[in-house]
Amino acid sequence: MTPAAVPDEDRSARAIAAAEAHGLPHTVTRHGPVRSLAEAAAARGVEPRQVVKTMVVRVAEGDHRFVLVPGDREIAWPKLRALLGVNRLSMPSADAAREVTGYVRGTITPLGSTTPLPVIADSSIHGVVSLGGGAHGVALTVDATDLVTALTATVADVTEAAP
């Protein structure tokens, strides 16, 4: 089955199993459709800054990174380029991101990705956070320090306040 053909339940099971395999204490939240950061935060019982977006960034052909971004922030491209020592970065297409991670946009998580990728976590992520659980309407609530440790993430200042 192609990643797009895999039912959401199977993708969320993969993310949850990966959290368990990492020994990452977590709570699974299942909610209906959401259309905004505020709705996602409310459905998960957290503040918007605690919703962590998992972004896939293309460094070069066949070279991608996960970047964990607090919900109220966005990637600061000059900072991320400086950290990675490159002059150019891009966001892959939805199809390319799905091919690399096995997850569709809006559900991407570093947990259970079909391709293990290095993870960069913004330094402003702290405390209890909620990140995608691999399927629409599924989230995992975890401690940020535990998440960074489990993923052996590089922690760096790579975001700025969203407009």
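Analyst: A residue is called buried when its relative accessible area is under 20%. The structure discussed here is a predicted model.

User: Is strand 7 largely enclosed or open, given how many of its residues are buried?

Analyst: Strand 7 covers residues 138-143, and five of these six residues are buried. Because of that burial, the rest of the structure leaves strand 7 largely enclosed.

User: Which residue of strand 7 stands opposite threonine 29?

Analyst: Strand 1, residues 27-30, runs antiparallel to strand 7, and four bridges join them. Within strand 7, the residue opposite threonine 29 is alanine 139.

User: What is the bridge partner of valine 128 in strand 7?

Analyst: Strand 7 is also joined to strand 6 (residues 128-132), by five bridges in the antiparallel sense. In strand 7, valine 128 has as its bridge partner aspartate 143.

User: Which residue takes a positive phi in the hairpin of strand 6 and strand 7?

Analyst: Five residues lie between the strands of this hairpin. The residue with a positive phi, near 90 degrees, is glycine 134.

User: How many residues does the largest nonpolar core have?

Analyst: Those with the most contacts inside this core are Leu24, Leu68, Leu111, Ile125, Val129, Leu147 and Leu151. At least two core residues come from each of helix 1 (8-21), strand 2 (51-60), strand 3 (63-70), helix 4, strand 5, strand 6, strand 7 and helix 5 (144-150). A second, separate core of 10 residues includes Val69, Ile75, Leu80 and Ala156. The number of residues in the largest core is 28.

User: Which leucines does leucine 68 touch, leaving out residues up to four places away in sequence?

Analyst: The contacts of leucine 68, with that exclusion, include Val52, Pro110, Val119, Ile120 and Ile125.

User: Why are the buried residues Ala97, Val100 and Thr101 of helix 4 placed on the same side, and what arc do they cover?

Analyst: An α-helix has 3.6 residues a turn, so residues three or four places apart point the same way. In helix 4, the buried residues include Ala97, Val100 and Thr101. They lie on the same side of helix 4 because the arc they cover around the axis is only 80 degrees.

User: What is the relative accessible area of threonine 101?

Analyst: Threonine 101 belongs to helix 4, residues 94-101. Beyond its neighbours within four places in sequence, threonine 101 contacts Arg14, Val56, Phe66, Ile108, Gly112, Ser113 and Thr114. Threonine 101 counts as buried because its relative accessible area is 0%.

User: Which residue just after helix 4 takes a positive phi?

Analyst: The phi in question is about 85 degrees. The residue is glycine 102.

User: At what distance from the ring centre of tyrosine 103 does arginine 14 lie?

Analyst: Arginine 14 is placed over the face of tyrosine 103. As for ring-to-ring pairing, the structure holds zero aromatic pairs. The distance from arginine 14 to the ring centre is 4.4 Å.

User: Is threonine 107 buried or exposed?

Analyst: Threonine 107 is located in the loop between helix 4 and strand 5 (119-122). Apart from residues up to four places away in sequence, threonine 107 touches Gly132, Gly133, Gly134, Ala135 and His136. With a relative accessible area of 1%, threonine 107 is buried.

User: How far apart in space are arginine 81 and proline 110?

Analyst: Arginine 81 is in helix 3, residues 77-84, and is partly exposed at a relative accessible area of 26%. Not counting residues up to four places away in sequence, arginine 81 touches Val86, Asn87, Arg88 and Leu89. Arginine 81 and proline 110 are 29 residues apart in sequence, and their C-alpha to C-alpha separation is 20 Å.

User: What is the relative accessible area of proline 48?

Analyst: Proline 48 is in the loop between helix 2 (37-44) and strand 2. Its contacts, leaving out residues up to four places away in sequence, are Leu37, Ala41, Gly71 and Asp72. Proline 48 is partly exposed, because its relative accessible area is 29%.

Note on methods
Residues numbered from 1 in each chain as written. Predicted model: local features only at pLDDT ≥ 70, side-chain atom pairs only at ≥ 80, totals over all residues. Heavy atoms only, no water. Buried < 20%, exposed > 50% of the residue type's maximum accessible area, 1.4 Å probe, protein only. Contact = heavy atoms within 4.5 Å. Phe/Tyr/Trp six-rings, centres within 6.5 Å; stacked < 30°, edge-to-face > 60°. Lys NZ or Arg CZ within 6 Å of the ring centre and 35° of its normal. Pairing = 2+ DSSP bridges. Core = buried A, V, L, I, M, F, W, Y, C linked by side-chain atoms within 4.5 Å. Arc of directions from axis to C-beta.
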